[in-house]
Amino acid sequence: MKKYKVLLSYLILVVLFAFIPLKADVQLDTSKIKNYKVIKSFYKDSKNKFLIIRSYNYKSKSFFLTINLNSLKTSIMTQKEKEKLTKADKSILENTNYDILVNKALKNSFPISNAGINDSIKKKPHEMYLTIDMCPSSKKGYEKELFEKFLDLKQVNKKIPIAISITYRWVNGHKKEFLSLIHNKKLDITWINHSRNHYYDKNEKVLEKNFMLYFKTNLDVEILDVEKMLLLNNQVPSIFFRFPGLISSAKINKRVINEFSLIPLGTSNWLVKSKKVAIDGNIILIHGNLNEHEGIKLLFKDVKDVRLFKSIYNPFLIE
């Protein structure tokens, strides 16, 4: 009898711990990262070409945020890893996938809405690219059905690639949800920088004065604080930046591209606004912050197999 009581007590403890929320251990103090600098240095090894776009110190060690010019993927490089590379000049950039993407983004830098890259460069059958915006929200939680049911494909033994446009303010108000995303073993997340504050004045009808075109916007803070926040939480910022509301100007676009070495990413199908069915090749935009649930319902209606979702890098790989 005593044995059964011990077993029952153990089972009760297991059930109780199952309902304890994830510990909110999100790192938000970006001052912990020292000497964070925007740089532009070219390197290569026997197989790859690299552009180093940031340097910084963390816990007295030097690190570098690096772009592989052909795969387009970013990585964190240590000082020792950097020393193994060969210094190169800007000529290695020519005709790389990154170079092609930069030039396409610059040519489309003028529209006030949805500038930069807003469609696939190379159309590939049976592929869609899901991007989920996490703008600041006063609503508690996130789209649980999206992240914990729809994107939890148990019959596939690999992670589902999605891209999440993240803001510092959303993470600050949703630490538990951010940790849930980080620790979700079914998701392969590409983090898109969506600005620190995502400024928006609902009473300002002139777009040229709203979102990141607001005259007090500090582009360095809006971009770099998100990068540092991700790095503090062992997440790697991607090459992509998504403007809040998809609103920008030629001037700010060119700064994002030329100065920060990032690619403005728009969409070919913002489901709620386009009213179009999601099809192959679409860069789909929905919101995962409970502010636009209609888009989630449309996604569930349009897409019956999440295995169609591929890496956001795929439609931009030419070479």
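In S3, which residue is the bridge partner of serine 55?

Author: The bridge partner of serine 55 in S3 is phenylalanine 64. The model is predicted, so that local features require pLDDT of at least 70 and side-chain atom pairs count only at pLDDT 80 or more, while totals for chains, interfaces and linings use all residues. Residues are numbered from 1 along each chain as its sequence is written, and side-chain values use heavy atoms, with hydrogens and water left out.

Strands (E, at least two residues) and helices (H or I, at least four) are DSSP runs numbered from the N terminus; two strands pair if DSSP finds at least two bridges between them. S2 and S3 run antiparallel and are joined by eight bridges. Another pairing places phenylalanine 50 opposite asparagine 68 in S3. The hairpin of S2 and S3 has two residues between the strands, and lysine 59 takes a positive phi near 50° there.

On the S1 side, seven bridges join S1 to S2, and this pair also runs antiparallel. Serine 55 in S2 is the bridge partner of lysine 37. S1 and S2 form a hairpin with four residues between them.

These strands belong to an open sheet of five, ordered S4-S3-S2-S1-S5, with antiparallel pairing. Strand S4 (74–78) and strand S5 (86–88) are the edges; each has a single partner strand, so one side of each is left without a neighbour in the sheet. From one strand to the next the twist averages 40°, taken between axes fitted to C-alpha atoms, with angles running from 0 to 180 degrees between N-to-C directions.

How enclosed is S2? Seven of its 10 residues are buried, so the strand is largely enclosed by the rest of the structure. Buried denotes under 20% relative accessible area, exposed over 50%, and partly exposed in between (1.4 Å probe, protein chains only).

Contact means heavy atoms within 4.5 Å; leaving aside residues up to four places away in sequence, isoleucine 263 touches Tyr98, Leu101, Val102, Ala105, Ile117, Ile239, Phe240 and Phe241.

Aromatic residues complete the picture. Rings of Phe, Tyr and Trp (its six-membered ring) pair if their centres lie within 6.5 Å; planes under 30 degrees apart count as stacked, over 60 as edge-to-face and the rest as tilted. Tyr36, Tyr56 and Phe63 form one aromatic cluster. The structure holds 12 aromatic pairs. In one of them, tyrosine 214 and phenylalanine 215 have ring centres 5.1 Å apart and planes at 65°, so the pair is edge-to-face. Tyrosine 214 is partly exposed at 23% relative accessibility, whereas phenylalanine 215 is exposed at 68%. Phenylalanine 240 and tyrosine 313 form a tilted pair, 5.7 Å centre to centre with 35° between the planes, and both residues are buried.
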